[in-house]
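Dear colleague,

I am handing over the structure below, followed by notes on what was found in it. Please read the two together.

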Amino acid sequence: MFAPWADPAARPLVRFDGVSKRFGTATAVERVSLDIFSGEFFALLGPSGCGKTTLLRLLAGLEMPDDGRILLDGAELTTVPPYRRPINLMFQSYALFPHLTVEGNVAFGLKQEALPKAEIASRVDEMLALVRLEGFAKRKPQHLSGGQRQRVALARSLIKRPRVLLLDEPLAALDKKLRSETQFELMQLQESLGLTFVIVTHDQQEAMTVAGRIAVMDHGRLVQVATPQEIYERPTSRWVADFIGEINLIEGSVIEMGRSGTVVASAAGRLRALSPADVKAGDVVWVALRPEKVRIAHEPPPVEGENCVAGQVADIGYLGDLSIYKVRLDNGIIMKTAVANVTRLVERPINWDDRVWLTWSSEAAMVLTR
Amino acid sequence: MSKLEAQRSWGERLILLVPYLWLAAFFLVPFLIVLKISLSHTAVAQPPYTPVFDVAAGWSGVIRALSTLSLENYALLGSDSLYLASYIKSLEIAAGSTLLLLLIGFPIAYGMARAPRRWQPVVFVLVVLPFWTSFLIRIYAWINILQRDGLLNQLLLALRIVDEPPAWLSTDTAVYIGIVYSYLPFMVLPIYATLEKMDETLLEAAADLGCPNWKAFWLVTLPLSRPGMVAGALLCFIPIVGEFVIPDLLGSSQTMMIGQTLWAEFFANRDWPVASAVAVVLLCLLVVPIVIYEQVQTRDLARGG
Amino acid sequence: MRRASWFNIGSLALGLAFLYLPIVILVIYSFNASRLVTVWGGWSIRWYSELIDDRAMLESAWVTLRIAFLSASAATVLGTLAALALVRFGRFRGRVLFSGMIYAPLVMPEVITGLALLLLFVAIDIDRGFWTIAIAHTTLITCFVTVVVQSRLLTFDTTLEEAAMNLGCPPVKTFLTVTLPLIAPALVSGWMLAFTLSLDDLVVASFTTGPGATTLPIRIYSEVRLGVKPEINAVCTILIALVAIGIASASLLAKFHHGGRGAMAGLAGR
């Protein structure tokens with residue numbers, strides 16, 4: 001399986017080393033250290049203002065870091081001007097040159113390398129075919145649709161075969177259907193060309209879909225860097241758990257630790273969950289539980305013990321493939337559970353104000369210390 | 001400092017330096033010279049003032065020259081009521097015409113801004129076009145109309161509004177007409193620019209909240225167009241104070257505006273030092289409005305135009 | 001909600017009539033066979049033919065055109081550089097003074113600037129004439145070009161420049177291949193504005209002129225002081241026609257380039 005980050009001997013393609021960037025009094029990026037490996041599809045994910053776009057621009061050379069270094073293949077990249085970096089950026093607004101045709105836009109990068117005209121022409125044709133824009137060569141950007149412009153921007157940045165391709169929220173302007181189609185296209189492109197992609201997005205679903213690894217950022221800092229699965233199932237903080245998908249968070253204190261999990265006393269009763277190693281009795285922790293891992297039923301479980309609470313259905317959201325139930329527990333806490341609608345017809349559907357029991361296994365929950 | 005930053009600042013410096021030096025040499029320095037001349041004496045010589053700084057005379061020559069500078073020209077300005085009357089008249093006419101320009105220019109700008117979108121470029125060009133034709137020509141055109149046997153009087157006589165053709169030329173009225181006519185684009189365009197940028201949904205919101213049209217105009221449109229009015233007013237007032245051509249061609253020679261006074265001192269009396277003193281005092285009078293104008297400009301620039 | 005109310009249409013129509021009436025009258029009377037304004041002597045082009053024989057007038061026209069061309073071009077270069085500095089350079093030492101020098105000529109009464117420049121030329125003992133007028137005009141009109149170009153630069157999308165650099169284009173080349181083509185309409189507008197201003201200037205030219213450099217405005221002015229002259233009507237009509245043709249073609253160009261309106265608005269925006 002492709003996982004160079006797990007290999008201690010692997011050398012990263014891009015390395016951020018303690019990079020900071022400030023704009024006036026505001027810190028956009030704070031002491032970020034990150035390795036990105038060749039062949040990765042890497043995502044920078046976070047809410048707006050978290051610094052992910054700034055980090056991208058630092059890598060492209062459009063901003064200069066105030067502290068720290070950036071290395072490409074082990075060589076110092078920090079002082080190299082943007083027009084000498086083998087890195088290309090696809091702008092969120094596409095930034096197509098309005099006074100040039102599609103052909104002119106795509107060929108722009110190659111013209112800077114002073115290649116022979118014939119070679120430029122053939123590579124442009126090749127690239128236009130790759131992004132399925134043959135026949136559009138003589139058009140001007142103003143006469144293209146949003147999706148077409150996006151593909152021109154992609155072609156323009158790919159044609160120079162950069163070491164790293166940066167994509168700044170490339171799918172933000174597209175409608176939902178086009179977005180999911182393009183997501184898969186991007187993944188296929190990246191794999192077939194064997195390039196390294198770094199994408200910036202605020203859409204967690206997008207990041208989870210396309211990326212091999214995600215760096216979650218908040219207020220200029222890296223919060224967690226891991227594969228989508230790890231981030232989803234093993235978040236390192238409540239913030240990450242809450243940022244990605246839905247989560248139930250129940251506060252409590254540690255009673256005992258053992259091989260079969262950690263027991264936490266909380267307002268929702270006795271909870272048993274998996275926990276990181278550095279937890280001791282008496283610590284205030286949070287038990288994090290994804291809604292789809294919670295079972296909901298009208299009857300209480302055969303053994304009422306740990307990981308079991310009773311409550312009343314406060315709200316139901318029907319999403320077609322899922323049903324989301326908001327249950328108000330006897331002590332006031334609201335928990336969410338998501339149930340896949342596996343059968344078309346349900347014998348005894350769960351309704352508003354029904355009295356229900358929620359149960360889950362101890363492997364389904366995790367203990368978070370921060 | 002990285003190589004990239006060093007290279008950038010070298011190129012940047014050049015971009016800045018060229019216009020900076022030009023302006024410093026041909027704008028700033030001349031004003032300093034005006035100041036110096038205003039402190040000099042008239043002389044029947046070429047150039048017609050003393051002292052003349054003779055670089056060859058060395059440092060002591062400079063000191064000697066400096067010691068002969070005096071404020072006598074300013075004293076002259078203060079003592080002779082002619083100059084005072086001239087300054088006052090200029091400020092009067094400038095204030096009056098600026099007010100007229102506001103009253104006339106605003107409806108025009110408003111009409112332009114409310115025109116259907118398709119027509120806007122056409123209307124815009126139509127309003128701007130006279131500005132592009134010669135200033136002198138347009139004033140001269142008014143002489144055609146305003147002279148004793150000119151078209152205005154012909155019309156008035158034909159309509160029997162008057163029995164005797166009144167004299168329009170060589171009056172303050174003619175000067176006002178000429179000024180309002182010439183400076184109208186300077187007032188209309190800034191107001192139009194502000195009105196055009198105005199968000200129409202604000203008026204729709206006002207209507208939605210129960211505000212009648214005239215009231216919405218008073219409470220929403222007018223306050224929002226204030227920056228344009230201020231810019232237009234400054235853009236007109238300041239140069240009008242020093243106007244020369246219009247009062248010279250259309251006005252009387254009894255009370256002259258300060259621009260005419262300066263011109264007369266310079267060309268007719270060949271009295272450069274006094275002319276310079278007149279200029280310096282005029283500049284001092286205008287310094288406050290000019291500074292306000294500059295602040296408005298830079299504020300607009302910071303706001304992104 | 002573009003209601004063209006009667007008040008709006010009325011004020012606009014009145015305003016335009018006010019603006020154009022004197023010009024229209026002038027043009028009509030340039031074809032008046034009679035010398036006098038009071039008498040309409042029928043249509044005639046005699047004043048135009050007399051104009052062609054007026055050597056002094058033609059001389060002045062030629063001088064004026066050359067000066068206008070030179071100063072407009074110089075002012076466009078200086079004005080563009082100044083606009084770049086003001087828009088792109090943020091805060092720098094001496095910025096207040098710089099922007100002060102840029103904006104002041106916009107409002108400064110011309111008698112003051114004219115006087116100041118003449119005194120400079122006298123102080124450095126330069127022969128006054130063609131070149132002093134050209135220098136004076138350049139200084140005076142640079143600020144107008146700056147305003148027009150600045151307005152365009154403010155709406156310019158800098159990510160285009162970033163994209164170009166990202167694709168391997170060094171800064172100077174980026175400016176020449178990306179920025180310049182896109183702000184070109186504003187530069188052209190600025191040049192035309194500068195050309196007109198120089199063509200039209202009387203006061204500063206009068207101060208800084210010398211023997212052999214009588215510009216058209218100076219000549220017209222000296223004749224006009226003595227009263228209305230039909231030949232002047234003819235000269236003026238020709239100038240108006242030239243300007244009208246220039247503006248019309250510029251507007252047509254602007255229609256194809258989308259940039260002209262912005263520049264004209266920039267003119268308004270000052």
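Leaving aside its neighbours within four places in sequence, A109(B) is in contact with V188(B), I191(B), Y192(B) and L195(B), where contact requires that the C-beta atoms of two residues, placed from the backbone, lie within 7 Å. Please bear in mind that this is a predicted model, in which local features need pLDDT of at least 70 and side-chain atom pairs count only at pLDDT 80 or more, while totals for chains, interfaces and linings use all residues. Residues are numbered from 1 along each chain as its sequence is written, and chains are lettered from A and ligands numbered from 1 in the order in which they are written.

A109(B) is also among the residues with the most contacts inside the largest nonpolar core, together with V278(B), L115(C) and A194(C), and this core has 163 residues. A nonpolar core is here a set of buried Ala, Val, Leu, Ile, Met, Phe, Trp, Tyr and Cys residues joined through C-beta atoms within 7 Å; a residue is buried if 20 or more other C-beta atoms lie within 10 Å of its own, exposed if 12 or fewer, and partly exposed in between. Helix α8 of chain B, residues 172-197, gives the most to this core, with 16 residues; helices (H or I, at least four residues) and strands (E, at least two) are DSSP runs, numbered from the N terminus. Apart from this core lies another, of 103 residues, including V131(A) and V367(A).

Between chains C and B, 71 residues of chain C are in contact with 89 residues of chain B. On the side of chain C that touches chain B, helix α1 (residues 6-29) of chain C gives the most, with 13 residues.

In chain A, an open sheet of five strands runs in the order β15-β19-β16-β17-β18 with antiparallel pairing, two strands being paired if DSSP finds at least two bridges between them. The edge strands, each pairing on one side only, are β15 (295-297) and β18 (334-340) of chain A. Strand β17 (residues 322-329) of chain A pairs with β18(A) over seven bridges in the antiparallel sense, and L322(A) stands opposite A340(A) in β18(A).

D353(A) lies in the loop between β18 and β19 (355-359) of chain A and counts as exposed because it has 8 C-beta neighbours inside 10 Å. R270(B) is found in the loop between α13 (258-268) and α14 (272-302) of chain B, and with 13 other C-beta atoms within 10 Å it is partly exposed.

Best regards
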